[in-house]
Amino acid sequence: MVTMKDVARAAGVSQAAVSYAYNRPEKLSAGQRRAIMETAARLGYAGPNAVGASLRSGRSGAIGVMLMDTLEYAFTDPSTRCLLEGIVRTRRFDDLALTLLPLPRGGEQAALRGLVDGVIVHSLPDDHPALLTLRSRGIPIVVVDAPRLPGVPLVGIPDRAAAREQVEHLLGLGHRRLGIIADRLIPDGFRGPADAARRARCAERVVRERITGYQEACEAAGLDFDAVPLVEAGGFDLAAGVPAALGLLSDNEVTAVVSTSDTMAIAVLEAARELDLRVPEDLSVVGFDDAPEAEPHGLTTIRQPMVHKGQLAAELLFALLRGDPRPDDVDLPTELVRRRTSGPAPTGTARG
């Protein structure tokens, strides 16, 4: 049996450093911790104390859902609520506990404390350290949306193609002055206009793919994408979205806005009301998700099967826990749903 002492010797560090790598990562530099975790994975070391003992002895009786935000987010974000609904609908884990593993502000203490048999990861940044922890311990993982990890099954949608469809719909209505509002590009607290340099550093795969789709559609239509204003809300809720939307609409002469989520699109609708802009006469808005809140707002949006994502993720994780071969990735279809928030571009006005 591989011990902490073995890992320390192989990595050329103290046993305390190995313990810090698992339990107090802030004590080490990112490079030190990565070297220790990679050594542990190579040696087959499952982890210290209770977690390692549990993984060696059998099942803990719980599966985890790992989220890149607070626990409140799991119950207020529409797509996350639908994901959780899909997971429990499968009835695969009725005899197990469902453990929510929130990771606010980039931390991973919840992941370190979480004693789980398998984890469904939902929309984490590409290089989040919690992913290294999970993989070094050999915990079965299924990813929903992001990130893409070698050898790990992913349930997602063609985000880039769906985003192109958002823009193409507006272009087909005659709009040429477009604006974009995105939830978050990098989890660093930034809010405001995002330039090309920041877009290039985007750590959120889903948002990155959607923005790339916007760029492809704009460039195919002969529009200069660098001239299209893109505002980053820095969060996923209306509290973050409405100020970002007000800034976008106040500072730019746009006739249409595409949003990376329905929540951001609804924020644009609220901002438009504050600014006395009529929708869709003065401003068209297109969302993404077709969350439950979209239809009551008459929101034109991209529909994706969010509940079905959760169902499939649970089925794939169940297969991994059963010892089946790694399942294939699943790419689910989307469709544009036309409602009353999108219409022809205005003519003969300051915004047209």
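Guide: Glutamine 304 counts as buried, since its relative accessibility is 7%. Please keep in mind that this is a predicted model.

Visitor: Where is glutamine 304 found?

Guide: Glutamine 304 belongs to the loop between β11 (300–303) and α14 (306–321).

Visitor: And which side chain does lysine 309 make a polar contact with?

Guide: The side chain of lysine 309 makes a polar contact of 2.5 Å with the side chain of glutamine 304. A polar contact of 2.6 Å also joins the side chains of glutamine 304 and aspartate 289.

Visitor: What else does glutamine 304 touch, not counting residues up to four places away in sequence?

Guide: With those residues left out, glutamine 304 touches Ile157, Arg210, Phe288, Asp289, Lys309 and Thr334.

Visitor: What does the charged end of arginine 210 sit over?

Guide: The charged end of arginine 210 sits over the ring of phenylalanine 288, at 3.5 Å from the centre of that ring.

Visitor: Let us change topic. How many residues does helix α9 have?

Guide: Helix α9 (residues 159–172) has 14 residues. From its first C-alpha to its last, α9 reaches 20 Å, close to the 20 Å expected at 1.5 Å a residue.

Visitor: Which residues of α9 are buried?

Guide: The buried residues in α9 are Asp159, Ala162, Ala163, Gln166, Val167, His169, Leu170 and Leu171.

Visitor: What do they pack against?

Guide: The buried residues of α9 pack against several elements, including β6 (178–182), α11 (205–220), β10 (284–289) and β11. Just after α9, glycine 174 takes a positive phi of about 95 degrees.

Visitor: Now the rings. How many aromatic pairs does the structure hold?

Guide: The structure holds 2 aromatic pairs. Tyrosine 22 and tyrosine 45 form an edge-to-face pair, 5.8 Å centre to centre with 85 degrees between the planes. This pair links distant parts of the chain: tyrosine 22 is in helix α2 (residues 15–23), and tyrosine 45 is in the loop between α3 (30–43) and α4 (49–57), 23 residues apart.

Visitor: Are those two tyrosines buried or exposed?

Guide: Both tyrosine 22 and tyrosine 45 are buried. As for tyrosine 73 and phenylalanine 236, their ring centres are 5.4 Å apart and their planes stand at 55 degrees, so the pair is tilted.

Visitor: Where do tyrosine 73 and phenylalanine 236 lie?

Guide: Tyrosine 73 lies in helix α5 (residues 71–76) and phenylalanine 236 in the loop between β8 (230–232) and α12 (238–251), so the pair ties together parts 163 residues apart in sequence. Tyrosine 73 is buried, with a relative accessible area of 13%, and phenylalanine 236 is buried at 19%.

How values were computed
Residues numbered from 1 in each chain as written. Predicted model: local features only at pLDDT ≥ 70, side-chain atom pairs only at ≥ 80, totals over all residues. Heavy atoms only, no water. Helix = DSSP H or I, 4+ residues; strand = E, 2+ residues; numbered from the N terminus. Buried < 20%, exposed > 50% of the residue type's maximum accessible area, 1.4 Å probe, protein only. Polar contact = N/O pair within 3.5 Å; in protein donor to acceptor, adjacent residues only side chain to side chain. Contact = heavy atoms within 4.5 Å. Expected span 1.5 Å × (residues − 1). Phe/Tyr/Trp six-rings, centres within 6.5 Å; stacked < 30°, edge-to-face > 60°. Lys NZ or Arg CZ within 6 Å of the ring centre and 35° of its normal.
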